[in-house]
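Subject: Structure for you, with notes

Hello,

Here is the structure I promised to pass on.

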Amino acid sequence: MSTKEERPTLAGVNVKTRKRNIVVPADPGSFATAIVQIFQDAADGVSVEKDLEAGVKVLDSAELDFSRYADTLFEVLFAGGRLSTGGNLADDQKEKLAFNVLASDATPEALLPYIKVFQSLIRRRPFLVKGLEATLNKFILSLEFYDEAGRKKIATATAMAFSYKLGCLPENVLQTLLNDRLVAKGSVMGFVTTFFQVFLQKENLDDLVGLLTKARVVNRLLDFMPPSKRTLEDFNTHFNEAGLGPLVEWNTRREIDTKVAELQEGLEKMMSADPPHSSADIINFVKSRKAEQGLPDADVVRVLWVCVMRSVALTGKNQAQILQTIVAKVKAHHKLLGTFVTNAKLELTLLVTLQVLCYEDNRLLKLFSDIVKLLYNGDLVGEDTIQHWHKKGSHPKGRNVFLKDMEPFIKWLEEAEEEDDEEDE
């Protein structure tokens, strides 16, 4: 008789077994072929738009791994098949989708049906936007392998992806343009020219600036130009000829603002230095910067007055003390101001700058007329300029308050002028 002991059992207890990770081999080729077949079979040849819409309807019920092959999906719609190196289709891509972005005309109208399809696909499956970004980047990095028409189609489709707000993040796509090889060959300059033109057909300049700001390239527009043409003059000539004058004006203003900010920073350091710099040193500094960087006279005058006012310590002082400090600062920098405020137009710039500063700081609000008198007595602004400012040259900021505040002084100027006329008679 057997005396073998029975092993104990745990009745009713589930014993868990360790699951193994099952790796499904990647097969983008089969996915691309499936996409081509779906669109080809759904097409009836009536129109590209109808064919694309029919294909999208079939895709909705297709059991395909869109999350893994999102970029392959857009490659097929862009180029007719899965991409390989050099902008070519992969060797195993036996069938090609007859209608695609690169097979269309290089116009927004011709590419709009594809943009609508992208929009529809991403609306149904938001994660696909990453695939679109990856595809756009792949085409951008392959720009040199396409002819001019092909590059224009890629740029047009990219611009429309943003103007139609498909969800692509600007920094994930436009940063790719800062590729030294493509920039040197001029491919990027051509791309961004078309991109700007197409984007501005639907959106405004502020929208474009906002897009470039988000992409962190708004201050690097010259970097899109080949090294041999990387000057503001070449930039302006190229984009003016491309019909992008407003962009040129905006970029010129931005370049000036950057240089003006640098001038202001340098001036503030010189004015606050201990021991302080002499008026001659400061004047020479401003003159050299103005000449080297081609700064407009009005911008220089604005910076000078801002720096003078910022050198005034306002904290803990009453209005009488503040005015006394301003008088001392104007006296100290009188030669500096007089060197650059040389005509009635610049005198008006000085008055308007003063007006805005007084409006933006409550501590200066009631001192405006007193400071104007100070500038008048110091021969920095003339009677005619003050009269012009009062009649039609003032800034909208605080206009009514300042005009009323100046009425007694304006009346005094008018009476003094009448007395002079009587004496002349």
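First, a term: a residue is called buried under 20% relative accessible area, exposed over 50%, and partly exposed in between, using a 1.4 Å probe and protein chains only. Please note that this is a predicted model, in which local features need pLDDT of at least 70 and side-chain atom pairs count only at pLDDT 80 or more, while totals for chains, interfaces and linings use all residues. Residues are numbered from 1 along each chain as its sequence is written, and side-chain values use heavy atoms, with hydrogens and water left out.

Let me start with helix H1, residues 28-42. Helices here are DSSP runs of H or I with at least four residues, numbered from the N terminus. The buried residues in H1 are Gly29, Phe31, Ala32, Ala34, Ile35, Val36, Ile38 and Phe39. Helix H2 (48-61) and helix H3 (70-79) are among the elements that cover them. H1 has 15 residues and reaches 21 Å from its first C-alpha to its last, close to the 21 Å expected at 1.5 Å a residue; that expected span is 1.5 Å times one less than the number of residues.

Arginine 82 sits in the loop between H3 and helix H4 (108-124). This arginine 82 counts as buried because its relative accessible area is 16%. Contact means heavy atoms within 4.5 Å, and beyond its neighbours within four places in sequence, arginine 82 is in contact with residues including Gly29 and Ala32 of the list above, as well as Glu75 and Asp92.

Neighbours within four places aside, lysine 366 is in contact with Gln319 and Asp405.

Now the aromatic rings. Rings of Phe, Tyr and Trp (its six-membered ring) pair if their centres lie within 6.5 Å, with planes under 30 degrees apart counted as stacked, over 60 as edge-to-face and the rest as tilted. The whole structure has 17 aromatic pairs. In one of them, phenylalanine 368 and tryptophan 389 have ring centres 5.3 Å apart and planes at 40°, so the pair is tilted. Phenylalanine 368 belongs to helix H18 and tryptophan 389 to helix H19 (residues 383-393), 21 residues apart, and both are buried. Tyrosine 376 and tryptophan 412 form an edge-to-face pair, because their planes are at 85°, with the centres 6.4 Å apart. Since tyrosine 376 lies in helix H18 and tryptophan 412 in helix H20 (residues 399-424), this pair ties together parts that are 36 residues apart in sequence. Ring pairs also link Phe162, Phe191, Phe195, Phe196, Phe199, Phe235 and Phe239 into a cluster.

Two of those phenylalanines come back at the largest pocket: Phe162 and Phe199 are among the residues nearest its centre, together with Lys165, Leu211 and Lys214. A pocket is found on a 1 Å grid over the protein atoms alone, as an open set of points where a 1.4 Å probe fits, with protein on both sides within 12 Å along at least five of seven lines; lining residues have an atom within 4 Å of a point. The lining has 13 residues, and its largest share, four residues, comes from helix H10.

Best wishes

How values were computed:
Helices (H or I, at least four residues) and strands (E, at least two) are DSSP runs, numbered from the N terminus.
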